[in-house]
Amino acid sequence: AAGGPLVGRHVLITSGPTHEPIDPVRYIANRSSGKQGHAIARAAAAAGARVTLVSGPVNLPDPFGVAVVQVESARDMLAAVEQALPADIAIFAAAVADWRVANAGTQKIKKNGGALPALSLAENPDILATIAHRNAGRPQLVVGFAAETQNVIDNAQKKLARKGCDLIVANDVSPANGVMGGDRNTVHLVTASGVDTWPTLSKADVAEKLMAHLARMIEVRP
Ligand code: C5P
């Protein structure tokens, strides 16, 4: 692969869910196939970028020509992302668990005559917000995703401001849409200057169009 609009750029992508251990055999997780994030990694490599993909546990092959870092928990994902910086573009497509189990057991929790174990939760770091709010070494373009089931645009605009990113890719993941685990996606690109709604596309086409869009954005904001 010789050419492409992102030659000489480093693109960092998170994908998949995180797993937060309850004990050595159980975990809390979000629903995420990793299909959209992995498709974005593939598209970034096809556009000529050097690509680092930090992925939670998924049932997908490693995209060809991409450096893949496998992680389990949100805290591991943040550490791997920080390790992979600097990057020109960072795209946070992972479905990160908002909470981890603060009192995770080091041994398997056993049933105990009907007495229920009490899990206490602690909030995970927000990886997107942490990187977007960095003073030194912030990637030039920071992109977040917003999976919503209602008020998609409104929630995405609030998220854009709160997280401090440049672009939010918002989609409606209501079960009827079949986005989660499926091969198609309908997205809205939300920036400070407006909303661009794309037609329903394959996740591969969303990834390709997104990389082309980001390549144009980074050109005009050197
Ligand atoms: O707040 P919410 O989880 O809806 O935000 C989604 C966006 O934030 C996604 O881009 C997701 O990858 C990112 N995120 C993150 N770390 C978290 C939670 C969300 O990077 N702990």
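Let me start with the ligand. In this predicted model, the residues around the ligand are Phe 92, Ala 94, Val 96, Pro 125, Asp 126, Ile 127, Leu 128, Gly 144, Phe 145, Lys 159 and Lys 163. Sorted by class, that shell holds seven nonpolar residues, one polar residue and three charged ones.

Where in the fold do these residues come from? Three elements each give the shell at least two residues: helix H3, which runs 127-132, strand S9, 141-148, and helix H4, 152-163.

At Phe 92, a backbone N or O atom lies 2.5 Å from an oxygen atom of the ligand. At Ile 127, a polar backbone atom is 3.0 Å from a nitrogen atom of the ligand. Lys 159 uses its side chain: an N or O atom there is 2.4 Å from an oxygen atom of the ligand. As for cover, the ligand taken alone exposes 450 Å², and the protein buries 85% of that.

Next, the pocket. The ligand takes up the space of the largest pocket. How much space lies in that pocket? About 1,000 Å³. Its lining has 39 residues, and those nearest the centre are Asn 30, Ala 94, Ala 95, Val 96 and Ala 147. Strand S1 (10-15), helix H1 (35-46), H3, S9 and H4 are the elements that give two or more residues to this lining. By class, the lining of the largest pocket counts 17 nonpolar, 13 polar and nine charged residues.

Last, two points about the backbone. Which peptide bond is cis? The one from Leu 85 to Pro 86, with omega near 5°. Pro 86 is placed in the loop between helix H2 (74-84) and strand S6 (89-92). The other point is Asn 151, where phi is near 45°, a positive value in a residue other than glycine. Asn 151 is in the loop between S9 and H4.

Definitions and conventions
Residues numbered from 1 in each chain as written. Predicted model: local features only at pLDDT ≥ 70, side-chain atom pairs only at ≥ 80, totals over all residues. Heavy atoms only, no water. Near = heavy atom within 4 Å. Polar contact = N/O pair within 3.5 Å; in protein donor to acceptor, adjacent residues only side chain to side chain. Areas by Shrake-Rupley, 256 points an atom, 1.4 Å probe, with all protein chains shown as cover. 1 Å grid on protein atoms, 1.4 Å probe; cavity = no way out; pocket = protein on both sides within 12 Å on 5 of 7 lines; lining within 4 Å. Sits in = over half its atoms within 2 Å of the grid points. Helix = DSSP H or I, 4+ residues; strand = E, 2+ residues; numbered from the N terminus. Nonpolar A, V, L, I, M, F, W, Y, C, P; charged D, E, K, R; others polar. Points joined across faces, edges and corners; volume = space filled by probe spheres on them.
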